[in-house]
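Subject: Structure for you to look at

Hello,

Here is the structure I said I would pass on.

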Amino acid sequence: MENEKVILTDVTGRDGFQMEDWVETEDKVRIINEIIAAGVKRIEATSFVSPRAVPQLKDAKEVIKQINRENVRVITLIPNVRGAEFALESDVDEVNVVVSVSETHNRKNVNNTVDESIAGIAEINRLMQSGGKKVNVGLATTFGCPFEGLYEVDRVTEVINKLTAKGLNSFMLADTTGMANPLQVSSFVNSLKADFPDVGLSLHLHNTRGMGLANVLAGYEAGIRNFDASLGGIGGCPFAPGATGNVALEDVAHMFDQMNIPIDPDLNKLIAAARDLEQVLGYKLPGQVMKAGQSTDLHQV
Ligand code: ZN
């Protein structure tokens, strides 16, 4: 029997570029287009956030205008109703919004309580639904927070309960600072799938402590089929101390490919794109397959 396909969402344009020094718009567009040309079907391309808060993404509208939008769903992160209006104007396919499970992280991130953020998300959802657009909620610090420590799944259940009551039905469980371990990921996913059988769940994992790929596998074995990742493993959260990169897109793709689990993108093209990104950024990226090549690549004796 053929394994069920895994859907990868590339977050290089948002989670990645927000953590870098300024990257020229034409370089951003070229890298994103290379990822799309490799066959990735979902891209979080940028964020309609205030240019004062995140100057690295002040060219969001230009990026959306210039990327090749055929054969891909384009997603942007939005922080508020103003961002939602930009998203509707730009006619993106979906938007992502974020609330932290941790009160402390949420306050640091957006200076709101969790309940205030949930009220804002409900308002954004009404607006986006009137435009026929899907809203996904990223639950930052799902597994633990650098200010409050690790926690039990009940805290996540409570936040999802409040959001489903407002009509939201698609959630990214985000390990914002790479605190989760594989057993925790599988127990959280099992519990949330049992409590919310009808909502969409995906995983957004950071490799801060080297547990990224193990957590991807734990999530897969618990039934998750949607994962975020970024080219070369760049990215992080500007409002969380010690936050580092996402799981690398090409490493995640390579792992699933080696396990005969179908994915959309072409690995050689992803690796070439990661190497191009390394040139653009000018430092060694954390991705590993981009350095070693695929397991099945043979070397001359
Ligand atoms: Zn992230």
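In which sense do strand β3 and strand β4 pair, and over how many bridges? Strand β3 (residues 73-77) and strand β4 (residues 94-100) pair in the parallel sense, over three bridges. Ile75 stands opposite Glu94 in β4. Strands here are DSSP E runs of at least two residues, helices are H or I runs of at least four, and both are numbered from the N terminus. Two strands count as paired if DSSP finds at least two bridges between them.

Some notes on how to read this. The model is predicted, so local features need pLDDT of at least 70 and side-chain atom pairs count only at pLDDT 80 or more, while totals for chains, interfaces and linings use all residues. Residues are numbered from 1 along each chain as its sequence is written, and side-chain values use heavy atoms, with hydrogens and water left out.

The barrel

Eight strands close into a barrel, in the order β1-β2-β3-β4-β5-β8-β9-β10, with parallel pairing. On average, neighbouring strands of this sheet are turned by 25° against each other, direction ignored. Such angles run from 0 to 180 degrees between N-to-C directions, with axes fitted as lines to C-alpha atoms, for helices over the stretch in contact.

Strand β8 (residues 170-175) runs parallel to β9 and is joined to β9 by six bridges; Ser170 has Gly200 as its bridge partner in β9. From β8 the chain passes through helix α8 (residues 182-195) to β9, a right-handed β-α-β crossover. Right-handed means that, with the strands pointing away from the viewer, the path from the first strand over the helix to the second runs clockwise. β9 also pairs with strand β10 (residues 226-229), in the parallel sense over two bridges, and Leu203 has Phe227 as its partner in β10. The crossover from β9 through α9 to β10 is right-handed.

Helix α7 (residues 154-165) lies across β4, β5 (134-140) and β8, at about 160° to β5. Helix α10 (residues 249-258) lies across β1 (7-10) and β10, at about 170° to β1.

The zinc site

The protein donors of the zinc ion are Asp15 (OD), His204 (NE2) and His206 (NE2), at 2.0 to 2.1 Å. Donors are N, O and S atoms within 2.8 Å of the metal (3.2 Å for Na, K and Ca); water is not among the atoms, so sites may look incomplete. Asp15 lies in helix α1 (residues 12-16) and His206 in the loop between β9 (200-205) and α9 (212-221), so this pair ties together parts 191 residues apart in sequence. Asp15 is buried at a relative accessible area of 2%, and His206 is buried at 3%. Buried means under 20% relative accessible area, exposed over 50% and partly exposed in between (1.4 Å probe, protein chains only). In β9, five of the six residues are buried.

Other residues

Gly13 is in helix α1 and is buried, with a relative accessible area of 2%. Beyond its neighbours within four places in sequence, Gly13 is in contact (heavy atoms within 4.5 Å) with Ile32, Glu44, Ala45, Thr46 and Leu57.

Ser130, in helix α6 (residues 114-130), is exposed, with a relative accessible area of 62%. Just after helix α5, Asn111 takes a positive phi of about 60°.

Regards
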